[in-house]
Amino acid sequence: VSPFCVKLNDALGAFLIDRCVDEIRRQVSDDSPHYLVVFGLGLGHHIEELARQTKARWLVVVEPIADFIAHSFHTVDWPSLFAHFEKQGGGIEIVTELDPGKMVSGVVRYMNDQGIPYVDGSYVFTHYPLWAFAEARNRLYEAVEFAFINRGFYEDELVMLTNAVTNFAAKPFWLIEGRPRLHRPELAVIVGAGPSLDECLPRLKEIRDRVMLFSAGTALRPLLRNGIVPDFHCELENVPATVTALNEASKYGDLSQITLVASATVDPRIPPMFREAIYFFRDSVSSTQILGDKHVPIAGATPTCVNRALSMAAFLGFTDMALFGADCGIRPGSDDHAKDTVYRDIGTFQKDGDTNERYPVEVEGNFGGVARTNWIYDSCRLMLAEVIQLRSRHVLNASDGAFVPGAVPRVPEAIEPGADPLDH
C-alpha cells in the first residue's frame, strides 16, 4: 500500500532477477535469527531438544503454573540453556500469565524488544492442552501482524513529522509530558464511542456539572448531539478522516468551548477548531525522536483515543475516574458503536462485513457473560488495565462491554461524584 515500499519491492525483484534468483524459500534458513515460543513448560524435558532442532536465537516459555517452573529445576539444566542462548546473542523470556491476552502481550513485548522482524521463520510449540494456550496461540498471529502494522510506513512518518512541525509553528500551545503531578480530587469521566454509551447518556447528563469530562475520538459527536459539552477532547490519529468526523461533530456544538488534547502529529486543520491545544509526544514515531529530545512521552496513550484520554487524565493528576462507552469490543449481537457516531450515521464511515469476523475473540464481559473483541480493542483493554495498575488509579467501569482488569464494574446510575458543581 506504500508507494515507497512498492519501489523498494520492485528494485529488490530486479536485483534478484539480475542474479538469476527465481525462487524465494518459504522458510528462512536455519542460521537466520528467529524465535521459539513454547506454550507450556511442564517438567521441561522438551525444551533443550526443541532449542537444538529449531536453532532459535530467542526462547519464550509461557507457563502460568508456578509449580512446574520450580519442578523444572530438577530436570532442565537452566544455566547451560541460558548460556547457549546468550552465546548466540539471544536470550530466554518466561511469561507466567494465565490470561490469554496477557500471555500474548508478554510474548509480543519481548519480541518488540529484541526485534519484531525476526518473527519471520519462528516456531510455536504447545506442550500440553490448556484452554488459555489454544486461545493465546490463535491470538498470537493477529498480534504479530498488528505489531508489524504498528511500525508505520515511510510516507506516514513524513506526514506525522510535517504535521508536528506545522502544529508547533502555528500558534501557542501547551505541551504535557509523562511526569508526576499533584493529585486532583475531582472525578474524571472518560467517554468512548462504544455501543453501551447510548444507555449511559442519561446519567452523564445528570452528573455533567460535577465531573471533569474527557471525550475520546468519535464519542464527541453523540455527546454534542445530546447537549453534553466535554472539558477535554482527545485525538490520536493523523488521518484526514478525523477532520471529517470533527466537522460532523461541530454541526451539533461549538468546539471552541473545548480544550483539545492530541498527539502533536494530528492534522493541522484540527487544533484551530478548539479553544486551545495540549499536545503530547507519541512514543516510537519519527517526530518524537527528532523534535522531542529530552521530553518524556505519555506512556499508555495507544492504541485508541480511550487510552489517550485515560493516560491524559492520569498524568494531569486525576486519581478517581469512571469509564462510559469504553466497551473495548461489543456484546454479542450489538452494534459496533453508539448510535449517534459517524460510524452509524455517515455512509463513508460505516463498516461492512460480518460482526463476528471483525470481533473474533471472546473475553469476559464487564457485567458477566462474554464480550467479543479483536486484537486492537483487546490491546486497548489490557493497556487500560496496565495504566490503572501502574498509576494506582481508582477506576469505575460503567461500560457494558469487555471486562477491564483493575476497573470496578459499576452500572451508570451508581456512578456518584461529589455533591457540588465544579468550577470548570
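At 40% relative accessibility, Phe4 counts as partly exposed in this predicted model. Phe4 belongs to helix H1, which covers residues 3-18. Beyond the neighbours within four places in sequence, Phe4 is in contact with Tyr154 and Glu155. Phe153 lies 149 residues from Phe4 in sequence, yet their C-alpha atoms are 8.7 Å apart in space.

Across the whole structure, a search finds 14 aromatic pairs. Phe4 and Tyr154 make a stacked pair, because their ring centres are 4.2 Å apart and their planes meet at 25°, under the 30 degrees that stacking requires. Since Phe4 sits in helix H1 and Tyr154 in helix H7 (residues 154-170), this pair ties together parts that are 150 residues apart in sequence. Tyr154, with a relative accessibility of 42%, is likewise partly exposed.

Helix H7 also takes part in the pair of Phe168 and Phe281. Here the arrangement is edge-to-face, with 5.8 Å centre to centre and 65° between the planes. Phe281 lies in the loop between strand S10 (276-280) and helix H11 (286-291), so the pair ties Phe168 of helix H7 to a part 113 residues away in sequence. Phe168 is partly exposed at 22% relative accessibility, whereas Phe281 is buried, with a relative accessible area of 6%.

A further aromatic cluster is formed by Phe39, Phe68, Tyr128 and Phe133. Charged side chains meet rings as well: Arg19 lies over the face of Phe15, 3.7 Å from the ring centre, and the charged end of Arg308 sits over the ring of Phe280, at 3.6 Å from its centre.

Definitions and conventions. Residues numbered from 1 in each chain as written. Predicted model: local features only at pLDDT ≥ 70, side-chain atom pairs only at ≥ 80, totals over all residues. Heavy atoms only, no water. Helix = DSSP H or I, 4+ residues; strand = E, 2+ residues; numbered from the N terminus. Buried < 20%, exposed > 50% of the residue type's maximum accessible area, 1.4 Å probe, protein only. Contact = heavy atoms within 4.5 Å. Phe/Tyr/Trp six-rings, centres within 6.5 Å; stacked < 30°, edge-to-face > 60°. Lys NZ or Arg CZ within 6 Å of the ring centre and 35° of its normal.
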